[in-house]
Amino acid sequence: MICKNCGSEIDDAAMFCTNCGAPIEKEEFITNEDRQTVPEYETESAPIEVSSPTRAKSKKPFLIIAAVLIVLIVIGAFAISSLTATKELEDAIDTGNASLIYSVYSEAYGNNSKLKKYDKVIAQTIQEIKDDLNSHDFDEEALSDGENAAWNYCANNWGSLLVSEDGENLESCVSSENQASWDELESLYYSKLNYCRGVNDKAQDDWESAISNFSQVSSADSEYSNAQSLIGECVSDYIGSVLKTVDEKIAQNDISGGLDLLENAKSYLDENGLNSDEISAKIDETLVEYASNYAAKADAAFKEHDVDAAIGNIEVAMELQPENGDYKTKHDLYYQYLPFYLYDEDNCLKIDETGDFWGILSFDEHEEANNNEKMNHTIRWYNNNSDSSSSINAYYDLSGKYDVISGTLYLMKYDKNTSLCGWFKVYGDGKLLYESKKIKGGVLPLDFNVEITGVQNLKISFYGEGTGGFFGEGPSFGINNLTAQKEFPE
């Protein structure tokens with residue numbers, strides 16, 4: 001018999017073609033009893049007509065149904081076989097025991113077909129864990145448990161598939177085809193750990209740690225967007241806390257310490273990838289604000305003629321904004337009004353004597369006046385020579401910077417009953433500018449001011465009356481706070 005589908009010769013009894021598998025259609029013929037009788041004609045010339053065999057009804061629909069049933073049976077058998085093949089692994093996964101899963105998985109080694117089926121189950125499990133982690137809200141648990149919130153959740157819901165005390169997990173059953181997906185799962189888990197840490201750190205006002213942890217939340221994490229918002233909040237709080245500490249440092253005159261804090265804050269934000277224009281502008285704005293505040297303090301101090309305070313404050317402003325030219329100009333201006341302390345021996349160019357002076361000249365002593373007033377920056381002198389025409393002289397270079405010298409002339413408390421006098425004279429560029437009153441017992445301390453505008457070289461001569469004699473000692477006199485100063489503007 002010949003197959004009508006492919007033309008191959010096949011056995012007459014076959015139901016399917018042994019070459020192409022097509023079902024064989026067979027024809028049936030009627031029996032002799034059913035055959036139509038051919039009429040006989042007596043006329044010899046009339047041919048005898050014999051009817052063709054009548055074709056039986058086709059059985060093709062029944063054969064198609066049979067073939068479909070066979071295919072369905074084969075598919076069903078395959079499906080049942082597949083389900084049976086992975087059921088043991090699925091049951092092991094349901095236990096959440098990574099060791100048991102590995103035991104089942106490893107038994108399939110060498111059976112590539114079975115391993116492929118197992119790998120599909122592992123891939124599906126990895127995806128389910130990822131979806132579960134991304135659908136869970138860890139905020140409330142993280143507030144109290146920190147990173148343990150993520151660990152506990154995985155342990156409670158997935159056993160040792162992802163986390164375990166001994167470190168054994170599903171990775172031992174991860175094939176090369178599933179490695180990328182597993183790496184993504186691990187990355188997501190660590191991202192959740194960092195998010196939970198960040199939530200807990202923020203609740204503890206540990207802004208620095210919170211920023212670091214939120215910065216490590218991955219873009220694949222469902223909390224990524226929230227983490228970015230929380231970073232913004234933490235950065236604001238962090239900068240606020242840093243500035244508060246900077247205020248405290250500067251209030252304690254620790255300017256360099258305050259500046260170090262600001263620089264460290266900048267570096268920290270840079271390291272965490274947070275050096276955005278907005279953040280940099282905020283820090284710069286803060287520096288400008290601080291500098292402006294200290295410049296204002298400097299102006300106020302200068303108006304009160306407190307030059308030291310004015311210079312100190314403007315120097316803080318200059319440190320905060322070193323490129324600000326206005327602050328440099330103000331500093332130079334204030335510096336011109338800085339007092340020149342004549343009682344500081346280091347500011348004295350030289351000391352000599354005129355005539356036969358029997359005494360001393362000492363600088364910056366702490367004494368007490370005859371009215372019991374404390375005099376803490378005193379130039380003290382005495383002359384024991386009964387010839388009071390002699391003097392001891394101090395010389396200074398003023399370079400024309402100052403307008404006035406001032407101080408307080410007084411008699412020492414321990415010489416308050418003396419009848420002998422002491423006094424001084426001021427010379428500017430060789431010209432006598434001022435001669436003080438004579439002071440002795442019963443005379444109260446005398447304040448004085450001497451105009452010295454434009455004076456380059458200053459000389460002060462100190463005089464005193466003494467009792468004479470080899471062992472004698474005349475009374476001591478003093479000038480307290482002897483200072484050269486540029487006059488302040490109105």
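Reader: In what order do the 5 strands of the open sheet run?
Author: The order is β2-β5-β10-β7-β8, with antiparallel pairing. Strands here are DSSP runs of E with at least two residues, helices are runs of H or I with at least four, and both are numbered from the N terminus. Two strands pair if DSSP finds at least two bridges between them.

Reader: Before we go on, what kind of model is this?
Author: This is a predicted model, in which local features need pLDDT of at least 70 and side-chain atom pairs count only at pLDDT 80 or more, while totals for chains, interfaces and linings use all residues. Residues are numbered from 1 along each chain as its sequence is written, and side-chain values use heavy atoms, with hydrogens and water left out.

Reader: Different strand now. How much of β11 is buried?
Author: 8 of the 9 residues of β11 (residues 477-485) are buried, so the strand is largely enclosed by the rest of the structure. Buried means under 20% relative accessible area, exposed over 50%, and partly exposed in between, with a 1.4 Å probe and protein chains only.

Reader: Which way do β4 and β11 run, and how many bridges join them?
Author: β4 (residues 374-383) is joined to β11 by 4 bridges, and they run antiparallel. Arg380 has Gly478 of β11 as its bridge partner. β1 (residues 340-341) is also antiparallel to β11, with 2 bridges, and Phe340 is partnered with Ala484.

Reader: And β6 with β11, how many bridges?
Author: There are 7 bridges between β11 and β6 (residues 404-411), again in the antiparallel sense. Val404 is partnered with Gln485, and Ile405 stands opposite Ala484. β6 itself is mostly covered, with 7 of its 8 residues buried. β6 also pairs with β9 (residues 446-451), antiparallel over 6 bridges, where Leu409 has Leu446 as its bridge partner.

Reader: Helices next. At what angle do α7 and α8 pack?
Author: α7 (residues 207-214) and α8 pack at about 155°, with their axes 9 Å apart. That makes α7 roughly antiparallel to α8. Angles under 35 degrees count as roughly parallel, over 145 as roughly antiparallel, 65 to 115 as roughly perpendicular and the rest as oblique.

Reader: Which residues of α7 make the contact?
Author: On α7, Trp207, Glu208, Ala210, Ile211 and Phe214; the α8 side includes Leu230, Cys234 and Tyr238. Contact means heavy atoms within 4.5 Å. Leaving out residues up to four places away in sequence, Tyr238 touches Trp207, Glu208, Ile211, Ala265, Tyr268 and Leu269.

Reader: How many residues are in the largest nonpolar core?
Author: 78, and those with the most contacts inside this core are Leu133, Leu162, Phe214, Tyr238 and Leu320. Its largest share, 11 residues, comes from α8 (residues 224-251). Another core of 31 residues lies apart from it, with Leu361, Trp381, Ile405 and Ile479 among its members. A nonpolar core is a set of buried Ala, Val, Leu, Ile, Met, Phe, Trp, Tyr and Cys residues joined through side-chain atoms within 4.5 Å.

Conventions:
Axes fitted to C-alpha atoms, helices over the stretch in contact; angles between N-to-C directions.
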